[in-house]
Amino acid sequence: MGYRSPPETDVIVELDLYSGRPNPRWRLDDETSRTFRGLVADLAPTTAPPATPPGLGYRGFVVTDGAQTYRIFGGLVATGDSVLADSGRTLEHWLLGGLPERYAALRPTVTQAMGNG
């Protein structure tokens, strides 16, 4: 019997959009999870404070990777202990591009909000 590596930690993405009802959530497959981790690893730390999302409407993405949580909004990625710069909003756009088909109707709303934020 061959050795199998342990399964990777689930990476769960939440589109922070709604107040008063559940936000869209989905799990990334292993390959996409590795891509996400690579994109985060490529970001540089910044001294900028985390972006403050609005009270209503699109408030970014919240990604949970094991015990680590990332709030991705407005060109910044806030983790529990640091803030990373994503000046081109690459990670935010990448996550939106991976929006599952069942949530495709939300894409124009989020794209418009990202253009204004």
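This is a predicted model: local features need pLDDT of at least 70, side-chain atom pairs count only at pLDDT 80 or more; totals for chains, interfaces and linings use all residues.
Student: How many helices and strands does the protein have, and what makes a run count as one?

Tutor: There are three helices and seven strands. A helix is a DSSP run of H or I with at least four residues, a strand a run of E with at least two, and both are numbered from the N terminus. Read from that end, the order is β-β-α-β-β-β-β-β-α-α.

Student: Why does the radius of gyration agree with that of a compact globule?

Tutor: The rule, applied to C-alpha atoms, is 2.2 Å times the number of residues to the power 0.38. For 117 residues a compact globule would have a value near 13 Å, and the protein has 15 Å, which agrees. The C-alpha trace spans about 55 × 35 × 25 Å along its principal axes.

Student: What makes strands 2 and 3 the edge strands of the sheet?

Tutor: Two strands pair if DSSP finds at least two bridges between them. The seven strands form an open sheet in the order 2-1-4-5-6-7-3, with antiparallel pairing. Strand 2 (25-28) and strand 3 (44-45) each pair on one side only, and are therefore the edge strands.

Student: How do you know that strand 1 pairs with strand 2 and with strand 4?

Tutor: Strand 1 is joined to strand 2 by four bridges and to strand 4 by five; the requirement is at least two, so both count as pairs. Both pairings are antiparallel. Ile12 has Arg27 of strand 2 as its bridge partner, and Val13 stands opposite Val63 in strand 4.

Student: What makes strand 1 mostly covered?

Tutor: Buried means under 20% relative accessible area, exposed means over 50%, and partly exposed lies in between (1.4 Å probe, protein chains only). In strand 1 (residues 11-15), four of the five residues are buried. Across the protein, buried residues make up 37% of the 117 residues.

Student: Which residues does Arg71 touch, and what makes them contacts?

Tutor: Contact means heavy atoms within 4.5 Å. Not counting residues up to four places away in sequence, Arg71 touches Asp16, Pro53, Arg59, Phe61, Val62, Leu76, Val77 and Ala78. The C-alpha atoms of Arg71 and Arg59, twelve residues apart along the chain, are separated by 9.1 Å.

Student: Why is Arg89 called buried, and what is its phi?

Tutor: Arg89 has 9% relative accessibility, which is under the limit for buried, and therefore counts as buried. Arg89 lies in the loop between strand 7 (83-85) and helix 2 (90-97). Its phi is positive, about 55 degrees, although Arg89 is not a glycine. Most residues other than glycine have a negative phi.

Methods. Residues are numbered from 1 along each chain as its sequence is written. Side-chain values use heavy atoms; hydrogens and water are left out.
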